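Subject: Structure for you to look at

Hello,

Here is the structure I promised to pass on. My notes on it follow below.

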Amino acid sequence: MSNQKQPNPDNRFNNVERLHDMIENTQKKLQEAEVSMEFANPEEREVIKHKNERRKQSIKAMKEEMKEEMDARIKGEI
């Protein structure tokens, strides 16, 4: 008997919902960071600004992935 772990099968059933939740959470963090910038010093503002740019890029990528997952559902691939 082998102690090798087997990978979990690819389960895309709830990807659309999972991505939706991730997008909402990231948008919430982005908004909270915008508020915190009002009280931050210039160095902290710069860090927050860069983080929020990355968050915006992530949101865009997650929305594209969510659309692909929705299309795959419509086509019956999931």
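Start with Arg 12 and Glu 69: their side chains meet in a salt bridge, 3.3 Å from N to O. Arg 12 sits in the segment before helix 1, while Glu 69 belongs to helix 2 (residues 42-74), so this pair ties together parts 57 residues apart in sequence. Keep in mind that this is a predicted model. The two partners differ in cover. Glu 69 counts as buried, because its relative accessibility is 8%, under the 20% cut-off. Arg 12 has 28% and counts as partly exposed.

Arg 73 is next. Its salt bridge partner is Glu 17, with the closest N and O atoms 2.8 Å apart. Here helix 2 supplies Arg 73 and helix 1 supplies Glu 17, so the pair ties together parts that are 56 residues apart in sequence. Both ends are partly exposed: Arg 73 has a relative accessible area of 32%, and Glu 17 is at 41%.

Glu 53 is partly exposed at 38% relative accessible area, and Lys 56 is partly exposed at 42%. The count of salt bridges comes to four, these pairs among them.

On charge overall, the protein carries 16 positive and 17 negative charges, and their mean positions are 1 Å apart.

One more residue to check is Thr 26. It lies in helix 1, which runs over residues 15-37. Thr 26 is buried, because its relative accessible area of 17% falls under 20%. Beyond neighbours within four places in sequence, Thr 26 is in contact with Arg 55, Ile 59 and Met 62.

Now the whole chain. There are two helices and zero strands. The radius of gyration is 18 Å, whereas a compact globule of 78 residues would have one near 12 Å. Along the principal axes, the C-alpha atoms fill a box of roughly 55 × 40 × 15 Å. Of the 78 residues, 21% count as buried. The accessible surface comes to about 6800 Å², and 51% of that belongs to carbon and sulfur atoms. Among contacts between residues at least 6 apart in sequence, 70% join residues at least 24 apart.

Best wishes

Note on methods: Residues are numbered from 1 along each chain as its sequence is written. This is a predicted model: local features need pLDDT of at least 70, side-chain atom pairs count only at pLDDT 80 or more; totals for chains, interfaces and linings use all residues. Side-chain values use heavy atoms; hydrogens and water are left out. Helices (H or I, at least four residues) and strands (E, at least two) are DSSP runs, numbered from the N terminus. Buried means under 20% relative accessible area, exposed over 50%, partly exposed in between (1.4 Å probe, protein chains only). Contact means heavy atoms within 4.5 Å. The radius of gyration is taken over C-alpha atoms; the globule rule is 2.2 Å times the number of residues to the power 0.38. Accessible areas come from the Shrake-Rupley method with a 1.4 Å probe; for residues, only the protein chains shown count as cover. Lys and Arg count as positive and Asp and Glu as negative; His and the chain ends are not counted. The place of a charge is taken as NZ of Lys, CZ of Arg, CG of Asp or CD of Glu.
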